[in-house]
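Hi,

Here is the structure I promised to pass on. Please open it alongside this email, and I will walk you through what turned up.

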Amino acid sequence: MEKPAASSEPQGPRPVLGRESVQVPDDQDFRSFRSECEAEVGWNLTYSKAGVSVWVQAVEMDRTLHKIKCRMECLDVPAETLYDVLHDIEYRKKWDSNVIETFDIARLTVNADVGYYSWRCPKPLKNRDVITLRSWLPMGTDYIIMNYSVKHPKYPPRKDLVRAVSIQTGYLIQSTGPKSCVITYLAQVDPKGSLPKWVVNKSSQFLAPKQAMKKMYKACVKYPEWKQKHQPHFKPWLHPEQSPLPSLALSELSVQHADSLENIDESTVAESREERAGGAGGEGSDDDTSLT
């Protein structure tokens with residue numbers, strides 16, 4: 001089996017603000033992402049309850065753009081199961097109540113691909129979508145999955161959705177035992193548009209919804225049984241030779257900068273009744289009857 005590894009090609013800047021060329025992340029990128037997931041200095045804790053914590057960090061160059069970090073303890077879910085759940089795109093359609101449409105587009109290397117994801121936003125905001133270069137790397141008993149936005153010539157912005165920008169988003173999964181782990185979700189996303197104050201005030205829910213993390217946990221518990229009924233041996237993220245995706249050259253992609261996209265003014269949009277009540281439109285229900 002071909003071992004997933006970081007690209008040996010010359011690398012550009014880190015996948016953060018200022019990147020000018022599309023590159024597959026290297027070992028330093030993964031180490032840098034891990035360090036930021038584990039960092040405590042400069043982060044403001046906004047929520048901590050029942051094994052789930054959320055932090056927010058304002059980006060100095062743009063005080064309206066925040067980094068969000070969400071961590072969850074999974075006491076009876078092995079790290080490798082959580083890693084599978086995050087990769088399994090067919091299963092995501094079952095448990096992710098925010099998803100509108102998601103699919104893989106092409107393969108770049110044995111541990112990098114390009115994909116599409118669209119999701120529901122809190123009502124009555126317009127829904128968002130994103131094209132990302134995603135890469136992943138097992139690190140002993142731990143795992144990292146991360147992405148950043150790119151432009152693909154065949155998937156331009158759609159009129160019915162707002163094209164958001166992932167400056168850098170990802171997951172660090174750390175094993176804490178044979179059947180337990182901790183997951184940290186780190187996101188720096190520009191949702192595009194002039195957002196109303198009630199969205200900015202709820203930014204931790206908008207980018208790292210607590211309920212979505214809890215729903216992910218429930219999905220992990222049910223995944224082994226579901227996977228046994230749905231191509232149990234098909235895991236191209238572990239076995240690259242199984243991937244049915246066409247290959248794509250990096251030269252076909254370009255970096256998606258936020259300032260090149262249309263700015264949608266939603267600053268005067270009022271919060272819906274459901275959102276004020278903490279209901280639909282971005283966090284989904286706790287009903288998991290579809291996970292069968």
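Predicted model: local features only at pLDDT ≥ 70, side-chain atom pairs only at ≥ 80, totals over all residues.

The protein chain has 292 residues, and 53% of them count as buried. Its secondary structure amounts to seven helices and 11 strands. If you look at contacts with a sequence separation of 6 or more, 65% of them are between residues 24 or more positions apart.

Now to the rings. How many aromatic pairs does a search of the whole structure find? The search gives eight. One of them is formed by Phe103 and Tyr155, a tilted pair with 5.7 Å centre to centre and 50° between the planes.

Tyr171 and Tyr185 make another tilted pair, at 5.2 Å centre to centre and with 45° between the planes. Tyr171 is in strand S9 (residues 165-177) and Tyr185 in strand S10 (residues 180-190), so their pairing ties together parts 14 residues apart in sequence. Are these two tyrosines, Tyr171 and Tyr185, buried or exposed? Both are buried.

Two further ring arrangements may interest you. Tyr91, Tyr223 and Trp226 come together in one aromatic cluster. Elsewhere, Lys69 is placed over the face of Trp55, 5.7 Å from the ring centre.

Finally, have a look at Tyr117, which is found in strand S5 (residues 112-119). Which side chain makes a polar contact with the side chain of Tyr117? That partner is Asp96, at 2.6 Å. Leaving aside residues up to four places away in sequence, Tyr117 touches Arg92, Asp96, Asn98, Val99, Glu101, Thr102, Arg128, Asp129 and Val130. For Val130, which is 13 residues from Tyr117 along the chain, the C-alpha atoms of the two residues are 5.5 Å apart.

That is everything from my side for now. Happy browsing!

Best wishes

How values were computed:
Residues numbered from 1 in each chain as written. Heavy atoms only, no water. Phe/Tyr/Trp six-rings, centres within 6.5 Å; stacked < 30°, edge-to-face > 60°. Helix = DSSP H or I, 4+ residues; strand = E, 2+ residues; numbered from the N terminus. Buried < 20%, exposed > 50% of the residue type's maximum accessible area, 1.4 Å probe, protein only. Lys NZ or Arg CZ within 6 Å of the ring centre and 35° of its normal. Contact = heavy atoms within 4.5 Å. Polar contact = N/O pair within 3.5 Å; in protein donor to acceptor, adjacent residues only side chain to side chain.
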